[in-house]
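Reader: I would like to go through some of the labels used for this structure. Please set each value against its cut-off.

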Amino acid sequence: MVRIFRSFAWSVLLVSVCSVVTSEASEGESTDNKFPVVLTPTRLKQSLADVPASITVITTEMLRRFNVRSIPDALRLVPGMAVVQVSGNDYRISYHGTDILTPRRMNILIDGVSSYRPRIARFDWKNMPIDIEDIERIEVTRGPDSASYGANSMLAIINVISKHPRDVTGSMLKARGGSLNAFDGTARHGGEIGSATSYRLTASHQEDSGYDFATTSKVGKNHDASRVNRLNFRSVTEIASDQTLDVDATILDGMNQNDYIDPYQTRFPDIALREYELSARWRNSFSSTHDLQIQTYLTKRIDKQPWTTCLPPITLLPQMFDLWRANPAYVQAIFSGRTPSGGTAQDDALAAAAISAYLALGPSRRVPICVDANQNYAERRYDLEVQDTSVLTDTIRLVSGFGLRQDTVISQTYTGGQVSNNSWSVFANAEYKPSHLLTVNAGGFFQKDQITGAAFSPRIAFNTHLDENHTLRFVISKANRMPDLTDQRANWTYETSNYSRPLNGATSGLFYASALSPGNLNSERILSREIGYLGNFPQYGLLVDVKLFDDKLDDLVSEKLQLYDFKPTNNNSVRLRGSELQITYKPTDQWQIYLACSNIHNNASTLLEQTLYSKNSGSLAIAHELSENWQWSFAYYGFGSNAASASFYGREDVSLSNKHRIGQHSQLTTTLTAQHLDNRTTTYFVNFNTLGDSRYNSAVQYYLTMKLTF
């Protein structure tokens, strides 16, 4: 099916190129330029024809028409986006894929607030601090955007823009249930306080039972359900005719079931999480050509993950902990029944002490001791950013600013206490339009932090406008990913407590294995080159985007960072080359057709950088309004298998919706959705020679959604 899908995509591309020639040969036709306006790529409001990147815009209309339930499913519409769900509450997502173990090379913003987590620079996709009903649009910059947003915007940036409170006045109730014990509920009310402030308050709940089976299952069925509750408040106040204050506050409470941490566990290591976010953005428009914005935000997240495990007493001996810190190979030799050798005299003395302590336990050394362990941590971020936007001349616009940030992680398990990283940054992006035929974008972002040092990410792009509807773009950019706190400051140890029986008189202690970060990593780097074509055919309701790219990634930290083998390096690289096609077709108001596909060639120095990779992937979505009250939609999502033995993903969604008026001011919308999986099993890379499997019992799933607005 993927082969057929790819052939279809390239056929559409051929037709599109032919259409360009036809359009240019026809004179005198009315061709209104209706390119969407986006904000993300340069922080300037620009037409798609002027931006220095390939952009995917997923609108609230697309989310509604294609019945998209979550942000991960919305991202399946983005060409080149790798979306793999390895468990019910664990998505691995990255633009152009690469490493499934550490997919942390792109940034995601929600109304200007970065949602990546400081400890591991990744996202909890199942517990995003926004409900799908509050999303106005999602702007995806498909390419490096570190020139505008700094580190972690290395491969792409996703900007989730929420609905303005004044656009959702009134009340809304929504419920969705169906297969996998899924239930979603949302309640929202929007209104005004006085004449200056508009607000919305949204409460939502989301849960499902995850996969039916996984290779880590220990009780005959999988244990990977998730549950999340959100409460979000946003207000916008017009302080004066030229000043606004935007305040956003979110409280999130959730639970992620977890099947497995160690083979001796007697209680599931489930994660209870709580997250708080508070942001404020003040904006002053001094004139039509000068705008100042100051934004600050605080985010805090607490994860509690306790469990009980029954361990061999030797693993709890303090002498064994000391020996591991000195020479892990000696411990491995003792555990395998061999005499350790080849180390220093100090290693030999520590080994003798450990063996003596073990033998002194007598027969009790064979009786496990049950202990409590945890992987608890808290992380917080303070961020302040000042941004100035100016129209310098009729042909030049400039946005510039600076930022200050502090990231902190508190965890006895992962960092041995509290670790912080302070950073500062300056940025500038300029748009220069010397004529109607050319737009030049140039800019860069300089960042310096305590744990890695400095990094500079520049970009320059030339957009050549063949006419008002057809543009060629040429982009060269460099970007970076600064190593996170786990990469650079890990002090990974397990404190154990509440022993089921004393060990040499102790009822608490340390598990023998531990890991220390070397702390000498450099930034990951990318050099990206892109040639693109953007074509608008308003007479047909057709918008076409074609991209050819060549990305070279160096100094990559690809290794699986685990307790028993914590050896991060910058020794890895990958070359990504390929093409992408994106088509939006709206021949009438009743029809909407969307097509996205990509073809990527991955040449990596290690198999690890091919574990979240598919040569061919894409999506096709069609929606049709049968009448004022009835609509149907169809969507296909496909992602191919790869060299790391990851399985292919294929899914078809069919939905039927009905709108029913209740009185003059209320409306009930009912939607029935059926999903078919081409492959019920998801196979993914865990480690060399080790694959994980997650499986659904049924290939077909059903969902019913009811939404009442009044």
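Reader: What makes Asp303 and Arg117 a salt bridge?
Author: The closest N and O atoms of Asp303 and Arg117 are 3.5 Å apart. A salt bridge needs a side-chain nitrogen of Lys or Arg within 4 Å of a carboxyl oxygen of Asp or Glu, so the pair qualifies. Asp303 is in strand β17 (residues 290-304) and Arg117 in the loop between β7 and β8, 186 residues apart. Strands here are DSSP runs of E with at least two residues, and helices are runs of H or I with at least four; both are numbered from the N terminus.

Reader: What kind of model is this, and how are residues numbered?
Author: The model is predicted: local features need pLDDT of at least 70, side-chain atom pairs count only at pLDDT 80 or more, and totals for chains, interfaces and linings use all residues. Residues are numbered from 1 along each chain as its sequence is written, and side-chain values use heavy atoms, with hydrogens and water left out.

Reader: Why is Asp303 called buried?
Author: Its relative accessible area is 5%. Buried means under 20%, exposed means over 50%, and partly exposed is in between (1.4 Å probe, protein chains only). Asp303 therefore counts as buried. Arg117, at 12%, is buried as well.

Reader: How do you know that Asp50 and Lys433 form a salt bridge?
Author: Their closest N and O atoms are 3.2 Å apart, so the pair meets the cut-off. Asp50 sits in the loop between β2 (46-47) and β3, and Lys433 in strand β22, so the contact ties together parts 383 residues apart in sequence. Asp50 is buried at 9%. Lys433 is partly exposed at 31%.

Reader: How many salt bridges does the structure hold, and which residues form a network?
Author: There are 48 salt bridges. The network links Arg104, Arg105, Arg481, Asp484, Asp487, Glu524 and Glu609.

Reader: What makes Cys310 and Cys370 a disulfide?
Author: Their sulfur atoms are 1.9 Å apart. The rule asks for a pair of cysteine sulfur atoms within 2.5 Å, so they pass. By this rule the count is one disulfide. The torsion about the S-S bond is about 90°, so the disulfide is right-handed. Cys310 lies in strand β18 (residues 306-311) and Cys370 in strand β19 (residues 369-374). Cys310 is buried at 15%, whereas Cys370 is partly exposed at 26%.

Reader: How do you know that β25 and β30 pair?
Author: Strand β25 (residues 470-481) and β30 share 12 bridges in the antiparallel sense. Pairing requires that DSSP finds at least two bridges between two strands, so they count as paired. One of the bridges sets His470 against Gly535 in β30.

Reader: Why is strand β30 called mostly covered?
Author: Of its 14 residues, 10 are buried.
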